[in-house]
Protein chains: 2
Amino acid sequence: MKRIIFLLLGVATLAGIFSYMARASGQSDEDASPIYGVKIPAGYRDWKLIAVDHLLLAGKSDQLRAQLGNDIAIKAFKEGTLPFPDGAIIAAIHWTRVPSEANNKVLDGPFPGTQSFLIGSRVNVQFMVKDSKKYAATAGWGFADFKDGKPGSEALHQTCFPCHAPAKDHDYVFTHYAP
Amino acid sequence: MKRIIFLLLGVATLAGIFSYMARASGQSDEDASPIYGVKIPAGYRDWKLIAVDHLLLAGKSDQLRAQLGNDIAIKAFKEGTLPFPDGAIIAAIHWTRVPSEANNKVLDGPFPGTQSFLIGSRVNVQFMVKDSKKYAATAGWGFADFKDGKPGSEALHQTCFPCHAPAKDHDYVFTHYAP
C-alpha cells in the first residue's frame, strides 16, 4: 500500500513539474516573436528619439510613427556607424493619426484652415535587434512586431527581412536620424 | 614716461574688459528668447519622447512634430501631475513633412497606393520652461521659439501665452503623453 501511495505521489509530482514546464515554456514562446524570438525590451518607451514619420497605408491605416533607439543604436545613428553594432535595438511605435477638432478651433483664428492631427491609439510596435551571430541569416537583424503586447504571426514575420532589403545600403534600416 | 605707459596699459586693459563684457552680454541676449530670456537647453535632443503630431498650417507649412521632455517633465506627464512642477521643460521640434518616393516604391508592392511621408528639414524648435516665480505673469511658463539657433521676434513671443490659454485645464500644455 505504502509503495502505491509513493508511486502515485511520484507520478503526481512529475505530472505537476511537466505541466509547469510546458506552461512556462508556452508563456515564454507566446511573448517572443516567431522565427526570431525577440521579446519586448524593458523600458524601450524611454529610449531616445531617432525620427518620426507619417504612413498612409492605402485603405488600411493612417499612422503617425516614432522610431526610438537604445544607447548603442543612438550612438551609431549619430556617428553614422554602419553596419549597426551588435546590441543596437530600434523600436518603431505606430499610432493612428486622428484630426484634433479642439486644436483646429484654437488655430483657426490665427491660421484659418489649419488642420491639426494628433495620435489616436497604438497600432503596433516593432523592433529590430542587432546580433550578427544569432541572426546571421538575416544580415544580423532579428525582427519583432507586437500588437497589444502580443507578437504577430509567423507569416507576418516572414515579410520583415525581405521588406527591409531595399534599405541594404543603410544596413537594412529605413530610418535616418532627424536633425 | 613710465607713468604714461602704465596709464596707457591701464586704459587698454579696461577698454578690453568693457569690450569683452559688451560682447558677452550682446551674445547672451541674442541667444535668449525675447520677453522670457529662455536659451536653448543643452542636450534637449536626447530627452525622452512625449508625443508626435502632424500640423498642416494652411498655406504656410506642413509639419511633422515631436515633443520631448526633460526628466522632471516626463515624470509629471507619466504621473499626471498638474500643474507641472518647477524645472519642467518641454521641447517641441518641428520638421517639414515630405513625401518619400523611395519608400512609396518599396511599399507599393505589398500595399498599393500607400503614401510614406518623412521629415525634411527643421522648421523651428520651441520650449516651455516652468518657473512659477520667474514667469508668474504667464502662469509659470517661459516660452521660446528658435529657428536655426536664433530666437524669434518679440512680436512672435507675445503670441505664445495667449495661444496656449485654451489648454489652461492641462496647465497650458496642449501635448498629452503618447501611450
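View 1. B:Asp53 is buried, with a relative accessible area of 7%. Buried means under 20% relative accessible area, exposed means over 50%, and partly exposed lies in between (1.4 Å probe, protein chains only). B:Arg65 is also buried, at 15% relative accessibility. The side chains of B:Arg65 and B:Asp53 meet in a salt bridge, 3.8 Å from N to O. A salt bridge is a side-chain nitrogen of Lys or Arg within 4 Å of a carboxyl oxygen of Asp or Glu. B:Arg65 sits in strand 2 (residues 61-69) of chain B and B:Asp53 in strand 1 of chain B, so the pair ties together parts that are twelve residues apart in sequence. Strands (E, at least two residues) and helices (H or I, at least four) are DSSP runs, numbered from the N terminus.

This is a predicted model: local features need pLDDT of at least 70, side-chain atom pairs count only at pLDDT 80 or more, and totals for chains, interfaces and linings use all residues. Residues are numbered from 1 along each chain as its sequence is written, chains are lettered from A and ligands numbered from 1 in the order in which they are written, and side-chain values use heavy atoms, with hydrogens and water left out.

**View 2. A salt bridge from A:Asp46 to B:Lys78.** The closest N and O atoms of A:Asp46 and B:Lys78 are 2.7 Å apart, and the two residues form a salt bridge. This pair crosses between chains. A:Asp46 lies in the loop between helix 1 (2-31) and strand 1 (48-57) of chain A, while B:Lys78 lies in helix 2 (residues 71-79) of chain B. A:Asp46 is partly exposed, with a relative accessible area of 25%. B:Lys78 is partly exposed too, at 45%.

**View 3. A salt bridge from B:Asp46 to A:Lys78.** B:Asp46 forms a salt bridge with A:Lys78, and the closest N and O atoms are 2.7 Å apart. Again the pair crosses between chains. B:Asp46 is in the loop between helix 1 (2-31) and strand 1 (48-57) of chain B, and A:Lys78 is in helix 2 (residues 71-79) of chain A. B:Asp46 is partly exposed, with a relative accessible area of 25%. A:Lys78 is partly exposed as well, at 43% relative accessibility. Between chain A and chain B the count is two salt bridges. Over all chains the count comes to 14.

**View 4. Where chain A meets chain B.** In this view, 38 residues of chain A are in contact (heavy atoms within 4.5 Å) with 38 residues of chain B. The two chains bury about 3400 Å² between them, 64% of it on carbon and sulfur atoms. Buried area is the accessible area (1.4 Å probe) that two parts lose on being put together, summed over both. A:Arg45, A:Val52 and A:Pro179 supply 17% of the area that chain A buries against chain B, more than any other three residues. There are 20 residue pairs in polar contact between the chains (both at pLDDT 80 or more). Strand 1 of chain A gives the most to the side of chain A that touches chain B, with nine residues. By class, that side of chain A has 24 nonpolar, six polar and eight charged residues. Here Ala, Val, Leu, Ile, Met, Phe, Trp, Tyr, Cys and Pro count as nonpolar, Asp, Glu, Lys and Arg as charged, and the others, Gly among them, as polar.

**View 5. A:His54 and its contacts.** A:His54 lies in strand 1 of chain A. At 1% relative accessibility, A:His54 is buried. The side chain of A:His54 makes a polar contact of 2.8 Å with the side chain of A:Asp62. Another polar contact, of 2.7 Å, joins the side chains of A:His54 and B:Arg97. A polar contact is a pair of N or O atoms within 3.5 Å; within protein, one must be able to donate a hydrogen and the other to accept it, and residues adjacent in sequence count only if both atoms are side-chain atoms. Leaving aside neighbours within four places in sequence, A:His54 is in contact with residues including B:His54, B:Leu64 and B:Phe117.

**View 6. Strand 1 of chain A and its two partners.** Strand 1 of chain A is mostly covered, with eight of its ten residues buried. Strand 1 and strand 2 of chain A pair in the antiparallel sense over nine bridges. Two strands pair if DSSP finds at least two bridges between them. A:Asp53 has A:Arg65 as its bridge partner in strand 2 of chain A. Three residues lie between the strands of this hairpin, where A:Gly59 takes a positive phi near 70°. Four bridges join strand 1 of chain A to strand 4 (residues 115-130) of chain B, and these two strands run antiparallel. A:Leu56 has B:Gln115 as its bridge partner in strand 4 of chain B.
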